[in-house]
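Subject: Structure for you to look over

Hello,

Please find the structure below. My notes on it follow.

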Amino acid sequence: MSVAGESSSGRSAASSLEALLDQGPRQGILDRRVEVGHWAGSIPEEMAQVPSVRIGRRWVSSLWLIPITVAGLLVAVALAQQLRRYGWMQDFIAAYPGTPGTPSAFTPAIRTGFPAWLRWQHLFNIVFMMFLMRAGLQILADHPRLYLNQGCRPGSAWLRMRPPVPADRMDQNRPAEVWTAKDDSVGLPKWLGIPGVRHTVGLARWWHFGFDVLWLLNGAVFYVLLFVTGEWRRIVPQSWEVLPNALSTAVQYLSLDFPANEGFTNYNGLQVIAYFTTVFIAAPLAFATGLLQAPSIAARFGLDHGPFNEQVARTVHFAVLVWMVVFIAMHTVMVFTTGLVDNLNHIVLGTDTQSYWAVVVYVIAMVVIAALWLAASPVTLRYPAVVRRVGVATIGWIKGLMERPHPSATYAEADISPYLWPNGTLPDSERYRALQAGGWADYALRIEGLVENPVSLTYAQLLALPKHEQITGHHCIQGWTGIAKWGGVRMSDICEIVRPLPSAQWVVFYSFAEGSGPSTEGRFYDCHKIAHMSEPTTILAYEMNGAPLTEAHGAPLRLRNEHELGFKMVKWVEAIEFVESFAHLGLGMGGYNEDHEYYGYRMPI
Ligand SMILES: Nc1nc2c(c(=O)[nH]1)N[C@H]1C(S)=C(S)[C@@H](COP(=O)(O)O)O[C@H]1N2
Ligand SMILES: [Mo]
């Protein structure tokens, strides 16, 4: 098919599209702030509920865990005390006092207690983890439901932090009323989440990924030093005797007649198992299930279908969080109840002494940590653009590396999700309504900018281009996913028609719809790397699941770029522009959500 160009010079055409984004004067990086009330399209703040868990058809509040735990502990204490009266139990405890073997006999290093590197890493670890965990909760609150199915079908969650999706708001043929994923987000208390406010997933992610990298580096150094120095013997079980010893320790603790504290040189069975699980199982699992949530990984390895899908990964990721919280709580309780001053001397000063200096240093460290804890949310809300800038500078490139693998996975018809969550702010311009009413007969897609042959393609012309169909996974930044079949025109075919100039680096997709920003109105748009346009799976879709695209899902045209998260897939596409840089567009961050919600512009994870 031949499509006639509108003008021979691509460059002069650019400015008319840019004008769609005119948003007045830009603010300095220090002047921008998150204004609760105007944030995220002024959706009213709605707070998370305490998580409930589905058991069969009933939803049970996790608050029940408190009385259940207390009752369970009381019964366990009574039982353990009774058991210790029996001769066979006394023999068992005598045979397995708690500490399996004596690792200090193997490794001289251990005999001298905790080395300085270990003590410092222990401190860094808790600081990094507290930000990681709080920002992680904030990310969860942006889609406050956990499922085991990749389609995230409403009603199929196993954990939720808000009421069910209103039944009368799931009809996607009434798009104005439909419950969007954004409607579903909830806020957290600011001392708990970072930064607390509803739908601040973009900011929370900079904290989560930033501290994740620090935590992983700290962990990698820790692994290396553990093995180099032989300290690993403290926390790796070296014989099956660890099991009876753990049981013995548990009975001794529960009977409230504690075993001797030998933690300086020799952990008991329960400690060995708990530390081993935390360091060598939970931590790597957190990393792995984090990666499994990346669209780029799923689209490379075909994981949207099967047991490694993002929803299973979110569930396991959450289970690791629960383990870590329980571990930290128990660890702290034990530090306090098994000889606080001794224990603090071990981990703070590295000596087996009774110095009060250890307590002083510990209290100072805790005060600093509490101050950091309390500052994180207010600082983020006051300086969101700084948080984003620091995030892009430090970890943006690491995230960007994940755009390398080709998103080649496609799925079977049977994998298509029965319900794909809708998201975003609908177009409400008269022009859009008129075009829609006319069945897109008068619609024309403008493609301009740094191209040899700028064109305007009517809906009929687009349909006449080679049609490409794909069944692919969708990953929203908020945490929900789904699989759908998309039919449309490959961007590579469009590129053949318009012939981008060598200077073109980015492709801007302009929507008919406004974004839902704080106070400034503005067109929704997003910029994509030119290299992604040659992927066979990067398409402008006009069909979904075999039917013409509905308004809810982006009629007449929506982008699919399977490298990236869902927010970059502009719906209701009005025009496309090839540019060298996006610095002059909108607020210059590469897209509407990048400008207003502080997302990154490369989002393969
Ligand atoms: N114009 C426009 N496009 C948009 C959005 C939007 O708000 N405006 N939201 C994005 C987000 S966050 C997601 S996850 C996907 C959702 O696509 P779906 O509604 O078809 O599931 O659309 C993206 N495209
Ligand atoms: Mo999204």
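P195 sits in the loop between α8 (181-184) and α9; helices (H or I, at least four residues) and strands (E, at least two) are DSSP runs, numbered from the N terminus. The peptide bond joining I194 to P195 is cis, with omega about 0°. This is a predicted model, in which local features need pLDDT of at least 70 and side-chain atom pairs count only at pLDDT 80 or more, while totals for chains, interfaces and linings use all residues. Residues are numbered from 1 along each chain as its sequence is written, chains are lettered from A and ligands numbered from 1 in the order in which they are written, and side-chain values use heavy atoms, with hydrogens and water left out.

Two other backbone points are worth a look. A555 and P556 are joined by a cis peptide bond with omega near 5°, and P556 is in the loop between β12 (547-548) and β13 (558-560). C152 is not a glycine, yet has a positive phi of about 55°; its place is the loop between β3 (145-146) and β4 (159-160).

Now the ligand. Ligand 1 has 20 residues around it (a heavy atom within 4 Å), and W421, H553, R558, M569 and K571 come nearest. By class, this shell has 11 nonpolar, seven polar and two charged residues, where Ala, Val, Leu, Ile, Met, Phe, Trp, Tyr, Cys and Pro count as nonpolar, Asp, Glu, Lys and Arg as charged, and the others, Gly among them, as polar. For polar contacts (N or O pairs within 3.5 Å), a polar side-chain atom of R558 lies 2.9 Å from an oxygen atom of ligand 1. Taken alone, ligand 1 exposes 530 Å², of which the protein buries 96% (Shrake-Rupley method, 1.4 Å probe).

The second largest pocket is lined by 38 residues; a pocket is an open set of points on a 1 Å grid over the protein atoms alone, where a 1.4 Å probe fits, with protein on both sides within 12 Å along at least five of seven lines, and lining residues have an atom within 4 Å of a point. H208, F209, D212, G290 and H317 lie nearest its centre. α9 (201-229) is one of the helices that supply at least two lining residues each, and gives the largest share, eight residues. The lining divides into 26 nonpolar, seven polar and five charged residues.

Regards

Technical notes. A polar contact is a pair of N or O atoms within 3.5 Å; within protein, one must be able to donate a hydrogen and the other to accept it, and residues adjacent in sequence count only if both atoms are side-chain atoms.
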